[in-house]
Amino acid sequence: MTQSSPRSGPPVSGTQPHEADVLRHTLRSAGYLKTLGFCALIGIPVSLAAFWFLVALHELQDALWGDLPEALGWDTPPWWWPLPLLLFAGCAVGLVVMHLRGGGGHVPASGLHTGGTPPAALPGVLLAAMAGLPFGAVLGPEAPLIALGAGLALLFRDLAQAPATAQSTALVGAAGAAAAISAILGNPLVAAVLLIEVAGVGGPQLFAVMLPALLSTGVGSLVFTGLGRWTGLHTGDLSLNASVPVPHLDAADVLWALVLAVALAAALHPVLAAARAVASYLTARPFTGTVLCALGAAVCAALYALVTGRAPDEVALSGQASLAALAADPHAWGVGALLALLLLKGAAYALCLGGLRGGPVFPALFLGAVTGVLLAPLPGLGVVPAMAAGMAAAAAAMLRLPVSSVVLVTLLLGGAAMMPVVILAAVVAFVVTELLPEGASPPAVPAEPAGDRAA
């Protein structure tokens, strides 16, 4: 059998082409090159739209939780502050779910999704995000950003009258989603990795091949690090020596990280199961159910403020700002406050995952970091390794995206010193979560208005 030449174009019928030949033929095709150029162009307006969307969310959140309470004479929001804000959020999101196409986006309890956001569904997605996230929903903006990027990209493709093939829809939608999500994650690399995993390229076989490789890199890194410290010898690497000192990993850090990963995976599994049960319950009563979920989250935030004397927005909102404060001064919270934060924010997170609209990333990271700080006093476990392992385990357990969780947490930590425990925690948490019973799947969001459904 004669194989096609590497430079011969498309393979001849009856031959077995090399993968390189197939790739080269794809890259030379006019349709793919046009799609590639179009994806580069749409990155500009999509990034601009994502930027102003995030600015609007941030400014509205600051006004509601900072400027307004100060104008009324409070240094921090009073304990009852989440109740009216989340009541409004529940009513507004419930109306969007009932009456606007797309139902305001997919249910967060089902995870992140990349494709299939029609431009006509964008108004509902944006309204649900603006009405829920700044008002205290325990969710992040990443899912609305993905929908915004994919929807705008498909809208620009239709306006340009480009061919609407299945391949172009997938490519253009993924490109738009990646351009938008990089705005909140702060790095194009983690955005690309996240979209690859979310899109499910390669299917379950990808995870089956990827997990052993990911785990072996973490173990190998530990071995090389240990040998280098024990022997004083060096093999040479590509790392740069930063001026900021970083803690060294010890055997106790690694062992406790594994325990922490198993515990977090087991603890967060019922949170996701509860969220899916809430989502299923809401199918018959979308408006009243959404309002009740929002009020339930508000009660959790108010109860936290009453019990601990701290600000209620530590339970409400996504936790993105609180995560930075926790990393800067992890000892500012007492053990009782950390336990209350873990329990009440976890409950509010489950309610918002099932009833409101947004993304699951930042609350999961925050809960993982809180768990790490809470367990850091264990013998031989440091605060930084505990937070790193906790964030990686929580993200992998809730998102089911182990590689994205590793990359995201590593970038958040600002260096690769904690990467071995991050990898081990993410892989262990992912495997434990996958081995636990799946439970009911959340219902799909209807694509058409549902104004005739009963509240």
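Is E314 buried or exposed? At 9% relative accessibility, E314 counts as buried, where buried is under 20% relative accessible area, exposed is over 50% and partly exposed falls in between (1.4 Å probe, protein chains only). The model behind this is predicted, so to speak on its own terms: local features need pLDDT of at least 70, side-chain atom pairs count only at pLDDT 80 or more, and totals for chains, interfaces and linings use all residues. Residues are numbered from 1 along each chain as its sequence is written, and side-chain values use heavy atoms, with hydrogens and water left out.

E314 has a charged partner. Its side chain meets that of R310 in a salt bridge at 3.0 Å, N to O; the term covers a side-chain nitrogen of Lys or Arg within 4 Å of a carboxyl oxygen of Asp or Glu. R310, at 24% relative accessibility, counts as partly exposed. The structure holds two such salt bridges. The other pairs E434 with R400 at 3.1 Å, N to O. E434 sits in helix α16 (residues 419-435) and R400 in the loop between α14 (383-399) and α15 (402-413), so this pair ties together parts that are 34 residues apart in sequence. Helices here are DSSP runs (H or I, at least four residues; strands are E, at least two), numbered from the N terminus. R400 is buried at 14% relative accessible area, while E434 is partly exposed at 39%.

One cavity of 30 Å³ or more turns up, a cavity being a set of points on a 1 Å grid over the protein atoms alone where a 1.4 Å probe fits but cannot get out; a pocket is an open set with protein on both sides within 12 Å along at least five of seven lines, and lining residues have an atom within 4 Å of a point. Among the lining residues are E142, I181, V361 and L408.

The second largest pocket takes in about 560 Å³. It is lined by 27 residues, and H58, Q61, S318, Q320 and A321 are the closest to its centre. Helix α2 gives the largest share of this lining, eight residues; α2 (30-71), α6 (166-185) and α11 (320-328) each supply at least two.

How values were computed: Grid points are joined across faces, edges and corners, and a volume is the space filled by probe spheres set on the points.
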